[in-house]
Amino acid sequence: MKIVFILLFLLAFCASAQEAGEDTSVVKIEHKSILLSAVSWPFVYIVQPAIEFLIYPVIPPLIYMSRENLIDKGANLITFGENKQIMFYPLINTKIGSQANIGFAYWHSNLFLNDDNMFFSPHLFVNSDWDATLRYQKKRILGSSFYWGLNASYREDGDNLFRDIKGYQYSYSDSSVISSPYIGFNLFGNWGLEFGAGLNFYRFDEPNINDSVFTGEDVSNRGFYRNYQAYPLTISLLHNSLDVPYAATKGRKFSLSYTYTPVSRYNGSADHNYHAVESRLVNYTLLGSRSYAMTVAESNASRERLKNLSFSEAIEMFNPINIREEVLDRRVFITQIKARYMIEEAEGKAPFTAMGKLGGNFPLRAYKDGYFTAPLVAGISTEYRWPIDRFADALIFNEYGIYGEDFSKLSASNIKNSYGFGFRIRTPNLFITRFALAFHGLQGITLILTTRPEFQ
């Protein structure tokens, strides 16, 4: 329940922004097809009641916030500066086990220079582990299309986990520093070129808990319980035709990158270098003829409606499976296709950090990052999104991923599925946070609260 309060509290910041969309007519759909009725039956009578049960706890704090007008009152609590260029807000993540954590997010635009922005977010876990992420970017250098930036992270994790392609789990302590500076520029139109030269200090040791420690040449060659450096050199071809960065309704993003990573000597060998090719395509399609973005008047009317909502009306308003009337009314459909293939120079000697990771946003949200790893990983995600406020969306998603040694060894048994629903808070040009419940089959559920966008 704390997550819900935090998530809804973040919506308060949005009331101080100035963006607004166009107002157009409403599209209403009546389902008269027998085939469509048959297809929709399990959603209406099985999936929908299940979703209603799960979102029911969200309704009381949502109605309370609207009745007390906390959206507007809370705006000044998390935004600062003369131009509202600073945001600071808490984060709570109640994942199962030692992954539960608390932290905060700090955004600052025009920090040192015009057209620059910084993001900083540390997290403290329930077992006293911690990590921190820093992102900085400066755009329009000397008035040109050139930009440069830095992504960096540090972690103190006493029980990190790696699962190899055979399903064996390796526990280890991790105190690594990741540093990834980059520079890029526009080629022509919506196409750009980017270069990166990373400096990663990997520090791995035996776990500080009573887990099994694996031994043997295979483990040593992969870099477990070793210290080494990696220097990834990346060139990327980029395309971006989205109408806005974080509330896109049309356009696509495409990237194709090649990375060569020299690795320092460890375990008596220097044959740990590897190559990797990665590609991603994300397409946004606006369904129907109504503008996706809410106007100020529509957003205020929506908030006013919340003040007198009953539980049943609130559930109906925020029901993500409401396919009977609103399928083509103000909806965005997103598709992501993503793949990565790693080739090692010496067979069996690339470090385990070279493996592709399937999970999290790549693209299985019901699993934690890197739950499945292999030289080859690929997946497809679909997301159905609609606005519930000028700066908030509801969404449902379904995604599939596959992993294997190479293209000739892909197996149907390695196909995994993830699905769920959630909310996200953003402006057109700034992403704040998202909350979701994600499922994989009937085996488990993951609670997500993160400041990372879905398709990054």
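Predicted model: local features only at pLDDT ≥ 70, side-chain atom pairs only at ≥ 80, totals over all residues.

1. The protein chain contains eight helices and 22 strands. Of its 456 residues, 47% are buried. The accessible surface amounts to about 22100 Å², and carbon and sulfur atoms account for 58% of that area.

2. Contact range. Taking contacts between residues at least 6 apart in sequence, 61% connect residues at least 24 apart.

3. Strand pairing. Strand β14 (residues 274–287) pairs with strand β13 (residues 251–261) in the antiparallel sense, over eleven bridges. Within this pairing, Phe254 has Leu281 of β14 as its bridge partner. Strand β14 is also joined to strand β15 (residues 331–344), again antiparallel, by 14 bridges.

4. Glu399 belongs to strand β19 (residues 392–404). Is Glu399 buried or exposed? Its relative accessibility is 0%, so Glu399 counts as buried. Apart from neighbours within four places in sequence, the residues in contact with Glu399 are Pro363, Leu364, Arg365, Ile380, Ser381, Lys416, Asn417 and Ser418.

5. Glu399 and Arg365. Two kinds of interaction link these residues. The Glu399 side chain comes to 2.8 Å from the backbone nitrogen of Arg365. Glu399 and Arg365 also form a salt bridge, with 3.3 Å between the closest N and O atoms. Because Glu399 sits in strand β19 and Arg365 in the loop between β16 (356–358) and β17 (372–374), the pair ties together parts 34 residues apart in sequence. Glu399 and Arg365 are both buried.

6. Glu383, Arg385 and the network. A salt bridge joins the side chains of Arg385 and Glu383, at 2.5 Å from N to O. Both Arg385 and Glu383 are buried. Through shared partners, salt bridges link Arg365, Glu383, Arg385, Asp393, Glu399, Arg424 and Glu454 into one network.

7. Asp157 and Arg155. The structure has twelve salt bridges. One of them brings together the side chains of Asp157 and Arg155, at 3.0 Å from N to O. Arg155, with a relative accessible area of 30%, is partly exposed.

Note on methods
Residues numbered from 1 in each chain as written. Heavy atoms only, no water. Helix = DSSP H or I, 4+ residues; strand = E, 2+ residues; numbered from the N terminus. Buried < 20%, exposed > 50% of the residue type's maximum accessible area, 1.4 Å probe, protein only. Contact = heavy atoms within 4.5 Å. Areas by Shrake-Rupley, 256 points an atom, 1.4 Å probe, with all protein chains shown as cover. Pairing = 2+ DSSP bridges. Polar contact = N/O pair within 3.5 Å; in protein donor to acceptor, adjacent residues only side chain to side chain. Salt bridge = Lys/Arg side-chain N within 4 Å of Asp/Glu carboxyl O.
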